[in-house]
Amino acid sequence: HMHISKLAIAIALGCTVTSVIAEEATPGSDIEHVVVSSRVITPVRELATSVSVMTEEEIELRGYANLAEVLRIEPSVHVTDSGGIGSTSALRIRGEEGYRTLIRIDGVDVSDPTGTQIMPQVGQLQSSNVSRVEILRGPQGLVYGADAGGVINIQSGRLEQGVYGSVRAEAGEYNTQNLSAEVGGGSETVEAYLSVSDYSTDGFNSRIDDTDPADDDGYDNTTVHAKVSVKATDALTLGFVARHNDGEGEFDNCYTAAFSISNDCDS
């Protein structure tokens, strides 16, 4: 009986200390953190699955132009590339195949249906003008379908009333430029948002055996994103999302129409 009593006291003290630490570590604990990847807005503390949330500030601190590079640092997320920025890439969650990763931008599935195995073109997604990313791991992703081994939920805009906007510009080596701008506004019933980003780089010659010194392998990406939502009733919101993504990359070692090898290729 003495051993049982000591164990009970130790457990009770441990629970008490844990509660105190949790309260001291979260001064804003009265504000619930919620996610929407589970199809129902749910507090994080009530989820029985693994979810990570990246805020706009965290994405900016990473400093990567491509969103896949930002997500690469998250636990259980693996990104494979076939070349430099803009190349064919696959994002895997917990070892699943890339085509089993579902990516949604403002609620819209952006999987590319032109291939035999439908998968998102993560190499063409820029990190500019992204306000929040939720990464859902585990079996709860199956609520989106049998092929959803993981869900990446990307959100744009801000949950605030009034008009807001921002402009950003970056420049670097190889004549690299990354420009972006956004403007939005909202009220209790209507929200609207528009963003534009443009990334370009001359790159460099990625093959040693290519004797043409002017054959740089560059990349250009222009993305325009717009959304409007109207709160018709307390239980119904009507939303419209439009997105145009245009990416062009240059690479080497491809076959021409004459079945010869060329180092002047683009996709």
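S131 is in contact (heavy atoms within 4.5 Å) with M54, T55, E56, Q155, S156 and G157, leaving aside its neighbours within four places in sequence. The side chain of S131 also reaches the backbone oxygen of Q155 at 3.0 Å. That is a polar contact: a pair of N or O atoms within 3.5 Å, where, within protein, one must be able to donate a hydrogen and the other to accept it, and residues adjacent in sequence count only if both atoms are side-chain atoms.

The model is predicted; local features need pLDDT of at least 70, side-chain atom pairs count only at pLDDT 80 or more, and totals for chains, interfaces and linings use all residues. Residues are numbered from 1 along each chain as its sequence is written, and side-chain values use heavy atoms, with hydrogens and water left out.

**Loop residues**

S131 sits in the loop between β9 (119–120) and β10. Strands (E, at least two residues) and helices (H or I, at least four) are DSSP runs, numbered from the N terminus. N129 is placed in the loop between β9 and β10. N253 belongs to the loop between β16 and β17 (254–255). T88 lies in the loop between β4 and β5.

How accessible are these residues? Buried means under 20% relative accessible area, exposed over 50%, and partly exposed in between (1.4 Å probe, protein chains only). The table applies those classes.

| Residue | Relative accessible area | Class |
|---|---|---|
| S131 | 16% | buried |
| N129 | 8% | buried |
| N253 | 41% | partly exposed |
| T88 | 56% | exposed |

Phi of N129 is near 65°, a positive value in a residue other than glycine. Phi of N253 is likewise near 65°, and N253 is not glycine either.

T88 touches T80, D81 and S82, not counting residues up to four places away in sequence. Its C-alpha atom is separated by 8.4 Å from that of Q124, 36 residues apart along the chain.

**Nonpolar cores**

A nonpolar core is a set of buried Ala, Val, Leu, Ile, Met, Phe, Trp, Tyr and Cys residues joined through side-chain atoms within 4.5 Å. The largest has 19 residues. Those with the most contacts inside it are L67, L71, L91, V133, I135, I152 and I154. At least two residues of this core come from each of α3 (67–71), β4 (77–81), β5 (89–93), β6 (101–105), β10 (132–137) and β11 (150–155). The largest share, four residues, is that of α3.

What does I154 contact, leaving aside its neighbours within four places in sequence? Its partners are L67, I103, R104, I105, D106, L125, V130, R132 and V133. Apart from this core lies another, of five residues, including L102, L136, Y144 and A148.

**Nonpolar surface patch**

V190, V228, V230, L236, L238 and F240 make a nonpolar surface patch of about 500 Å². Patches consist of residues with over 30% relative accessible area and no salt bridge; like charges are joined within 9 Å, nonpolar side chains (Val, Leu, Ile, Met, Phe, Trp, Tyr) within 5 Å. A salt bridge is a side-chain nitrogen of Lys or Arg within 4 Å of a carboxyl oxygen of Asp or Glu. Two or more patch residues come from each of β15 (217–233) and β16 (236–251). The largest share, three residues, comes from β16. V230 is in strand β15. V230 counts as partly exposed because its relative accessibility is 34%.

Methods
Accessible areas come from the Shrake-Rupley method with a 1.4 Å probe; for residues, only the protein chains shown count as cover.
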